[in-house]
Amino acid sequence: RVSWGHRMFGQDFTAGVGGYYGRQDWGFGHTVDGWAGTADLTLPLGKRFEFTGEFYRGRAVAGFGGGIGQSVLLNGSFTDPATTFRALDSMGGWAQLKFKVKSNFEINGAFGSDNPFAGELRLYNANTIYPGSFTRNLSPLVNFIYQIRSDILVSTEYRYLKTSVLDNGSNSVHQINLSLGYIF
């Protein structure tokens, strides 16, 4: 990752790009090339607001949380040497807007998406590793973080998760989190 930063409105502005490449060995002579390109931004919008976000595009990136946990596609049994393996393309990212109400209280709204390419999933529909081919994760959220002392904070968060399955609709859930943190 390479980045550039500058002070803006008393906060740090940062823009960066990064990359990853790795050869993955899936056994039985099957290897795939995994790679990712990333871009990220932290943009102060005055003293109380801040926008942050990150975008990625890659192949075989399940180990980094991409592709909804799916790295490869195959057209037969995992143990069959004649099976063809292919790295799954995916893209995604997230964006967040932070509002600093006070120095010890902030409100954050965010949205994230992870999107393996459905066209590739359709070509390898006889996938023996994944029970269903997931085509998209969406996750909007809002949270409130209050720092009680310099070393203790509490937070509550509401998150909506929606995961789409190839040609089979989607599943969703509403999630509420309560957290207590100790900073050391």
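A polar contact of 3.0 Å links the side chains of D151 and R149; a polar contact here is a pair of N or O atoms within 3.5 Å, where, within protein, one must be able to donate a hydrogen and the other to accept it, and residues adjacent in sequence count only if both atoms are side-chain atoms. This is a predicted model, in which local features need pLDDT of at least 70 and side-chain atom pairs count only at pLDDT 80 or more, while totals for chains, interfaces and linings use all residues. Residues are numbered from 1 along each chain as its sequence is written, and side-chain values use heavy atoms, with hydrogens and water left out.

D151 sits in the loop between β9 (134-149) and β10. Strands are DSSP runs of E with at least two residues, numbered from the N terminus. With a relative accessible area of 15%, D151 is buried; buried means under 20% relative accessible area, exposed over 50%, and partly exposed in between, using a 1.4 Å probe and protein chains only. Not counting residues up to four places away in sequence, D151 touches G181, Y182 and I183, where contact means heavy atoms within 4.5 Å.

Strand β10 covers residues 152-165 and includes S164. S164 has 19% relative accessibility and counts as buried. Leaving out residues up to four places away in sequence, S164 is in contact with S133, F134, T135, R136, G169 and S170.

Is D167 buried or exposed? D167 is exposed, at a relative accessible area of 62%.

S170 belongs to strand β11 and is partly exposed, with a relative accessible area of 37%. With residues up to four places away in sequence left out, S170 touches K162, T163, S164 and V165. S170 and F55 are 115 residues apart in sequence, and their C-alpha atoms are 23 Å apart in space.

**Around Q11**

F9 lies in the loop between β1 (2-8) and β2, and its phi is near 55 degrees, again a positive value in a residue other than glycine. Q11 lies in strand β2 and is buried, with a relative accessible area of 8%. Which side chain does the side chain of Q11 meet in a polar contact? That partner is the side chain of K100, at 3.1 Å. Setting aside neighbours within four places in sequence, the residues in contact with Q11 are H6, P44, G46, K47, F49, E50 and K100. Q11 and L45 are 34 residues apart in sequence, with 9.3 Å between their C-alpha atoms.

| Residue | Relative accessible area | Class |
|---|---|---|
| Q11 | 8% | buried |
| V32 | 6% | buried |
| D151 | 15% | buried |
| D167 | 62% | exposed |
| S170 | 37% | partly exposed |

**The nonpolar cores**

The largest nonpolar core has six residues, namely V32, A60, V72, L74, F85 and A87. β5 (72-74) and β6 (85-87) each supply at least two residues of this core. A second, separate core has five residues, among them L73, L88, L121 and L166. A nonpolar core is a set of buried Ala, Val, Leu, Ile, Met, Phe, Trp, Tyr and Cys residues joined through side-chain atoms within 4.5 Å.

V32 lies in strand β3. Not counting residues up to four places away in sequence, V32 touches G22, R23, Q24, W26, A60, V72, F85, R86 and A87. V32 and V72 are 40 residues apart along the chain, and their C-alpha atoms are separated by 8.0 Å.

**The largest pocket**

The largest pocket has a volume of about 190 Å³. On a 1 Å grid over the protein atoms alone, a pocket is an open set of points where a 1.4 Å probe fits, with protein on both sides within 12 Å along at least five of seven lines, and lining residues have an atom within 4 Å of a point. Grid points are joined across faces, edges and corners, and the volume is the space filled by probe spheres set on the points.

The lining consists of G18, G19, Y20, A36, T38, E54, Y56, V61, F64, G65 and G66. β2 (11-25), β3 (31-44) and β4 (49-59) each supply at least two lining residues, and β2 gives the most, with three. By class, the lining has five nonpolar, five polar and one charged residues.

Methods. Helix = DSSP H or I, 4+ residues; strand = E, 2+ residues; numbered from the N terminus. Nonpolar A, V, L, I, M, F, W, Y, C, P; charged D, E, K, R; others polar.
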